[in-house]
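Okay, thanks for coming, everyone. I'd like to walk you through one model today, so let me put it on the screen.

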Amino acid sequence: MALTSWTDRSKRRRRRQIGSLLQQELGDLLEREVRDPGMGFATVTEVKVSADLKHAKVYISVIGDEGERRETMTALERASGFIHRELASRLELHYMPQLNFVSDSTLQRAARLEELLNQIHEEGSGDEIQD
């Protein structure tokens, strides 16, 4: 089994650091600066930066129904130029990654799963035999 070289670990750490920094700054921008009327309540759940640091996949969770999610993702695409420029001016990076916004439905799936488990629990509690 080959050991991971120091430079590989260093590069992965750098990608994680840049992703974390982008996530923090994007969250701030979405909360305070993006003023698109189609923008719903969106949270940046994760940012994955490519190995060459030129691309970043930004996972966005939106509270609301499917229509609100679509509208928010469209608003993000409209604001992507502004967001890119703002991030470039805030961060001291040699190259500002190109942002690709992706809808993250993890929170909605978790909420749905919890709802189903609660239903099962409620239905199961009615089946108990009483003495």
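For the record, strands here are DSSP runs of E with at least two residues, helices are runs of H or I with at least four residues, and both are numbered from the N terminus. Two strands count as paired if DSSP finds at least two bridges between them. Within that pairing, Ala56 sits opposite Leu99 in β3.

Quick housekeeping: this is a predicted model, so local features need pLDDT of at least 70 and side-chain atom pairs count only at pLDDT 80 or more, while totals for chains, interfaces and linings use all residues. Residues are numbered from 1 along each chain as its sequence is written, and side-chain values use heavy atoms, with hydrogens and water left out.

On to another partner of β2: strand β1 (residues 42–49) pairs with β2 in the antiparallel sense, over seven bridges. In that pairing Glu46 faces Tyr59 of β2, and Lys48 stands opposite Lys57, also in β2.

So is strand β2 enclosed or open? Six of the eight residues in β2 (residues 55–62) are buried, so the strand is largely enclosed by the rest of the structure. Buried here is under 20% relative accessible area, exposed is over 50%, and partly exposed is in between, with a 1.4 Å probe and protein chains only.

Take Ser61, which lies in β2 and is buried at 3% relative accessibility. Skipping residues up to four places away in sequence, Ser61 touches Phe41, Ala42, Thr43, Thr45, Asp104, Leu107 and Gln108. Contact, by the way, means heavy atoms within 4.5 Å.

**The turn**

β1 and β2 form a hairpin with five residues between them. What is the phi of Leu53 in that turn? Positive, at about 65°, and Leu53 is a residue other than glycine. As background, most residues other than glycine have a negative phi. Leu53 is partly exposed, at 26% relative accessible area.

Ala51 is in that loop between β1 and β2 too, and it's exposed at 65%. Ala51 and Lys11 are 40 residues apart in sequence, yet 7.8 Å apart in space, C-alpha to C-alpha.

**Side chains**

Now Asp36, in the loop between α1 (6–32) and β1. Asp36 counts as buried, at 18% relative accessibility. Its side chain makes a polar contact of 2.7 Å with the side chain of Arg78, and also reaches the backbone nitrogen of Gly38 at 2.7 Å. A polar contact is a pair of N or O atoms within 3.5 Å; within protein, one must be able to donate a hydrogen and the other to accept it, and residues adjacent in sequence count only if both atoms are side-chain atoms. Leaving aside neighbours within four places in sequence, Asp36 is in contact with Ala75 and Arg78.

Last one: the charged end of Lys54 sits over the ring of Tyr95, 5.3 Å from the ring centre. The rule there is NZ of Lys or CZ of Arg within 6 Å of the ring centre and within 35 degrees of the ring normal.

That's my tour, thanks.
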